[in-house]
Amino acid sequence: MVQERTLPVLQTSPAAITREEGLRVYEDMILGRFFEDKCAEMYYRGKMFGFVHLYNGQEAVASGVIKAMRSDDYVCSTYRDHVHALSAGVPPNQVMAELFGKATGCSKGRGGSMHLFSAEHRLLGGFAFVAEGIPIATGAALQTKYRREALHDASADQVTACFFGDGASNNGQFFECLNMAALWKLPILFVVENNKWAIGMAHDRATSDTEIYKKAKAFGMHGVEVDGMDVLAVRTVAQEAVARARAGEGPTLIEALTYRFRGHSLADPDELRSKEEKDFWFSRDPIKKLAAYLIEQDLAKEKDLKAIEKKIQIAIDDAVTFAESSPEPDPSELHHYIFAD
Ligand SMILES: Cc1ncc(C[n+]2csc(CCOP(=O)(O)OP(=O)(O)O)c2C)c(N)n1
Ligand SMILES: [Mg+2]
């Protein structure tokens, strides 16, 4: 069994959350979880093709970071992108339709699971190549800074959140982009979702220093680790990093310690990870943790949470109906969207 790294305890206590905000975050995490469960069902029924990578277990990272941002901020993902897209506001209907390869999908049926994109929701993309999103996100942050400082556009104060995995943090693009982002004080959050595995490669067999957040120091960048199974802790760390980025104080490297509850993709038999390791992390389910907190703090009742779950289940069933009844892309439009119009 891979040795468990102790989950970090926040130095500062998580910022208090209101009932409204707590329920908003809960709803977002339930949306991510239920959507992915439905994807597994649809994939095994043969409705989706190619690789489909699910995010179950990691929801506190997407919800904690993206819900601490504004709707005009940018989000950049990986091939494990469905839940980042949903948290960024891409409607479930559009995401599901994309997974079904339909013309009504957010990438007009041309992308599929690994290539979700939405200019409207500032989703810069899912990317099939490991670490491919890191330079794209760095470029987005650079354009914000350029518009603000060179073009004197005072409205250009957007922040970019760039999500990627522990495996991606061993890629050269990670180091090059951290260097540029620190040098130019770019408004960006590099969010490493350290789920301990890169397909079948255990993190501690693949990297020189397993504590990824410490690599920020080499660039004079702020680096922080956070319990990625605790949405309130992630949210607190993200709020601080967003405030720093928006104030022109530059980037942050956030390492969220998390775990994917399913195999690498839906084609992975998931035989390499031990039962003990999985059980350790299943017992830290971020959704159950937030539910317990909201009830303990008297911010919500069990029935409030059940009502959210019911509402989301209906929305996801609707998304499947929408995707199934949507048209395929028209072959006569094969050459559309290759270059900007
Ligand atoms: C450049 C490149 N090399 C190799 C692959 C094959 N590959 C796909 S996913 C993956 C593991 C990445 O792991 P990590 O970054 O930890 O993300 P996770 O899957 O855990 O979310 C690899 C090696 C790829 N897609 N792109
Ligand atoms: Mg990983």
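Two strands are taken to pair if DSSP finds at least two bridges between them. Helices (H or I, at least four residues) and strands (E, at least two) are DSSP runs, numbered from the N terminus. The model is a predicted one, in which local features need pLDDT of at least 70, side-chain atom pairs count only at pLDDT 80 or more, and totals for chains, interfaces and linings use all residues. Residues are numbered from 1 along each chain as its sequence is written, chains are lettered from A and ligands numbered from 1 in the order in which they are written, and side-chain values use heavy atoms, with hydrogens and water left out.

By this criterion, strand β6 (residues 222-227) and strand β7 (residues 252-257) pair in the parallel sense over six bridges. E225 stands opposite E255 of β7. Between β6 and β7 the chain passes through helix α7 (residues 231-246), and the resulting β-α-β crossover is right-handed; that is, with the strands pointing away from the viewer, the path from the first strand over the helix to the second runs clockwise. Six bridges also join β3 and β7, again in the parallel sense, and here N194 has L257 in β7 as its bridge partner.

These strands belong to an open sheet of five, with the order β1-β2-β3-β7-β6 and parallel pairing. Its edge strands, β1 (74-76) and β6, each pair on one side only. Neighbouring strands are turned by 20 degrees against each other on average, direction ignored. Axes are lines fitted to C-alpha atoms, for helices over the stretch in contact, and angles run from 0 to 180 degrees between N-to-C directions.

Helix α2 packs on the sheet, touching β1, β2, β3 and β7 (contact means heavy atoms within 4.5 Å). The direction of α2 makes about 170 degrees with that of β2. Helix α5 lies across β1, β2 and β3, and runs at about 170 degrees to β2. Helix α2 (residues 59-66) also packs against α7, at an angle of about 35 degrees and with the axes 8 Å apart. This crossing is right-handed, the near helix being turned clockwise from the far one by less than a right angle. The contact involves A60, V61, S63, G64 and V65 of α2, together with V231, V234, R235 and A238 of α7. Eight of the eight residues of α2 are buried, where buried means under 20% relative accessible area, exposed over 50%, and partly exposed in between (1.4 Å probe, protein chains only).

The magnesium ion (ligand 2) is coordinated by D166 (OD), N195 (OD1) and W197 (O), at 2.1 to 2.2 Å. Donors are N, O and S atoms within 2.8 Å of the metal (3.2 Å for Na, K and Ca); water is not among the atoms, so sites may look incomplete. In sequence the donor residues follow the spacing D-x28-N-x1-W.

Most residues other than glycine have a negative phi. A131, in the loop between α4 (92-99) and α5 (133-149), has a positive phi of about 75 degrees. D298, in the loop between α9 (286-296) and α10 (302-325), has a positive phi of about 60 degrees. A131 is buried, with a relative accessible area of 7%, whereas D298 is exposed, at 56%.
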